[in-house]
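Subject: A structure for you to look at

Hi,

Here is the structure I promised to pass on. Have a look at it first, then read my notes below.

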Amino acid sequence: MSKNIREQLSLWLENNLINQETFDNILEFEKNDQKNSTYKSRIAKTITLVGGLFVLSGLLGTLPLIWDNLAYWAQLLFLGIVTVFLNFAGSYSEKSKDNKIFIFNSTERVSSVLYFGSLVSFVAFLIFAFNITNSQNITDLTEENLFLVISLTAMFYTTFLYFKTKFILQHGALFLNTAFVFGSLGNLLFPNLEIWAFGLFLISLSIIWGLATNSDMLQPYWLGSLIASGVFLIGLAIFVEDLLRISQIINIAILVIASTFIIWISIQISEQPVFLVGSFSLLINLPRLISAILPDNIWPPLILFLIGGVLVSLGLYLNSIRSNLGFNKGE
């Protein structure tokens with residue numbers, strides 16, 4: 001029962017327009033009717049989903065057998081229909097009021113998967129479309145130009161889907177598409193770039209993504225922070241390993257410092273995924289640093305053990321101080 005109807009019934013009861021028994025009977029009726037409606041709705045959605053799985057299974061089994069015999073225009077038409085259908089299905093699922101649909105925990109996840117599928121089919125549609133125009137001499141695009149045009153075109157659809165939903169998969173797709181666009185543009189303008197330049201590109205993109213996430217332009221916040229921190233460390237590793245060849249110890253030390261910095265950032269913003277990224281990087285690079293300083297020695301694992309013990313003791317001590325000072329949870 002909606003809140004407005006319940007408030008109206010309460011108002012009638014207070015003004016003696018209905019008695020308590022009638023009020024209770026109406027509430028019981030609406031409660032049972034809502035249960036029946038929800039049950040029927042879930043049955044309908046489950047039947048639809050199972051039927052869709054059968055359709056998909058039959059399509060995947062049949063399509064490879066007839067795909068090569070289809071004309072280009074038929075393949076293109078098929079991909080266009082699939083894109084529109086998946087987008088429509090995503091919109092329908094998004095409007096559903098059920099919190100759970102069959103094997104999915106939420107309608108949001110269903111919609112996110114369907115929208116992502118529509119993006120994949122749309123990219124395939126673009127590839128086929130430009131292959132047709134190139135083969136018919138309507139366009140004469142090189143492979144680099146073709147990649148850039150497809151990335152830019154797909155970017156419009158990806159951006160539309162993200163700002164429409166702001167779901168997890170759409171956020172990830174937006175990042176990948178952005179990387180493809182700028183990567184293809186850089187490859188077109190600077191075809192002979194060194195490997196370290198790719199690392200610098202990832203570092204720059206991660207910083208921009210982190211700033212955009214911090215300004216609430218990108219949601220969910222945890223995913224934007226996770227992408228920014230992970231890509232930053234990957235880009236830094238590529239940049240350092242390829243460009244800074246002064247000393248292996250210095251290279252690894254930079255990565256250790258960066259990992260520690262990411263862990264510190266994760267504590268400041270209270271994001272566990274970012275903490276895991278920094279910790280994983282530190283777990284990889286700290287043993288490398290100790291082994292580089294003390295090669296073929298028993299000290300590296302012992303030093304790691306001692307460092308871990310000190311950190312655990314420090315954490316327990318700080319938590320004890322926090323408890324004794326009477327801080328509440330979340331402060």
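Predicted model: local features only at pLDDT ≥ 70, side-chain atom pairs only at ≥ 80, totals over all residues.

The axes of helix α3 (residues 72–95) and α5 come within 13 Å and cross at roughly 10°. That makes α3 roughly parallel to α5, since angles under 35 degrees count as roughly parallel. The axes here are lines fitted to C-alpha atoms, for helices over the stretch in contact, and the angles run from 0 to 180 degrees between N-to-C directions. Helices themselves are DSSP runs (H or I, at least four residues), numbered from the N terminus. On the α3 side the contact (heavy atoms within 4.5 Å) is made by T83, N87, S91 and E94, and on the α5 side by Y157, L161, K164 and T165. Those residues divide into 2 nonpolar, 4 polar and 2 charged.

Residues are numbered from 1 along each chain as its sequence is written, and side-chain values use heavy atoms, with hydrogens and water left out.

Staying with α5 (residues 143–165), that is where you'll find V149. V149 counts as partly exposed because its relative accessibility is 27% (buried is under 20%, exposed over 50%, partly exposed in between, with a 1.4 Å probe and protein chains only). Leaving aside neighbours within four places in sequence, V149 is in contact with F130 and L141. Its C-alpha atom is separated by 8.6 Å from that of V181, 32 residues apart along the chain.

Is Q170 buried or exposed? Q170 counts as buried, at 3% relative accessibility. Not counting residues up to four places away in sequence, Q170 touches S112, Y115, F116, L161, Y162 and T165.

Of the 19 residues that line the second largest pocket, the closest to its centre are F182, G183, G186, F198 and F201. (A pocket is an open set of points on a 1 Å grid over the protein atoms alone, where a 1.4 Å probe fits, with protein on both sides within 12 Å along at least five of seven lines; lining residues have an atom within 4 Å of a point.) α6 gives the most to the lining, with 10 residues.

Cheers

Methods: Helix = DSSP H or I, 4+ residues; strand = E, 2+ residues; numbered from the N terminus. Parallel < 35°, antiparallel > 145°, perpendicular 65-115°, else oblique. Nonpolar A, V, L, I, M, F, W, Y, C, P; charged D, E, K, R; others polar.
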